[in-house]
Amino acid sequence: MISTFSPCNVFLLGPLIAASLFSSYSSGFEWLFLVFICIMLVVLIVWIAVAYWVYKDAKKRNENAVLWLVIVLVASWLGLLLWFVLRPPIGGRKTTSLRYCPNCGREILFDANFCSYCGKKFDSYL
Ligand SMILES: [Zn+2]
């Protein structure tokens, strides 16, 4: 049950389970139906928030944000896991790990905050 748990499954099975609960306990158990609806709403809200976060994160990293939004919504936690594995660093994928210091022209690390040769500090490395 835990391994197959995902918002998608909840939304597929949810109405069926809720309907069967509602029909077998037609009196006195309506609250169970309401609790179920509330849980489904919370799951939905949390999942939309997670998907939105991935969307924003993908945009920030120059990835196809809409594609990742769909992946996370469809594949749920598996999509989220995939995003954490495959997401590039902020600012997009690096083509090289080295660049040249604008001050002295020697090779330094791409994301260095200062040049290790001349000591020049950089505010940003864009
Ligand atoms: Zn330098």
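Let's start at Asp 57, which counts as buried at 3% relative accessibility, because anything under 20% falls in that class. This residue lies in helix H2, which spans residues 30-60. Leaving aside residues up to four places away in sequence, Asp 57 touches Trp 83 and Arg 87. Keep in mind as you look around that this is a predicted model.

Stepping back, you will find four helices and two strands in the protein. Follow the chain along its sequence and the pattern reads α-α-α-α-β-β. Of the 126 residues in the protein, 23% are buried. The accessible surface comes to about 9100 Å², and carbon and sulfur atoms account for 69% of that area. As for contacts with a separation of 6 or more, 36% of them join residues 24 or more positions apart.

Now turn to the metal. The zinc ion is coordinated by the SG atoms of Cys 101, Cys 104, Cys 115 and Cys 118, at 2.2 to 2.3 Å. Along the chain, these donors follow the spacing C-x2-C-x10-C-x2-C. The angles among the four donor atoms run from 104 to 116°, and the site is tetrahedral. For four tetrahedral donors, the ideal angle at a metal is 109.5 degrees.

Notes
Residues numbered from 1 in each chain as written. Predicted model: local features only at pLDDT ≥ 70, side-chain atom pairs only at ≥ 80, totals over all residues. Heavy atoms only, no water. Donors = N, O, S within 2.8 Å, 3.2 Å for Na, K, Ca; no water. Tetrahedral: all angles 85-135°; square planar, octahedral: opposite > 155°, others 65-115°. Buried < 20%, exposed > 50% of the residue type's maximum accessible area, 1.4 Å probe, protein only. Contact = heavy atoms within 4.5 Å. Areas by Shrake-Rupley, 256 points an atom, 1.4 Å probe, with all protein chains shown as cover.
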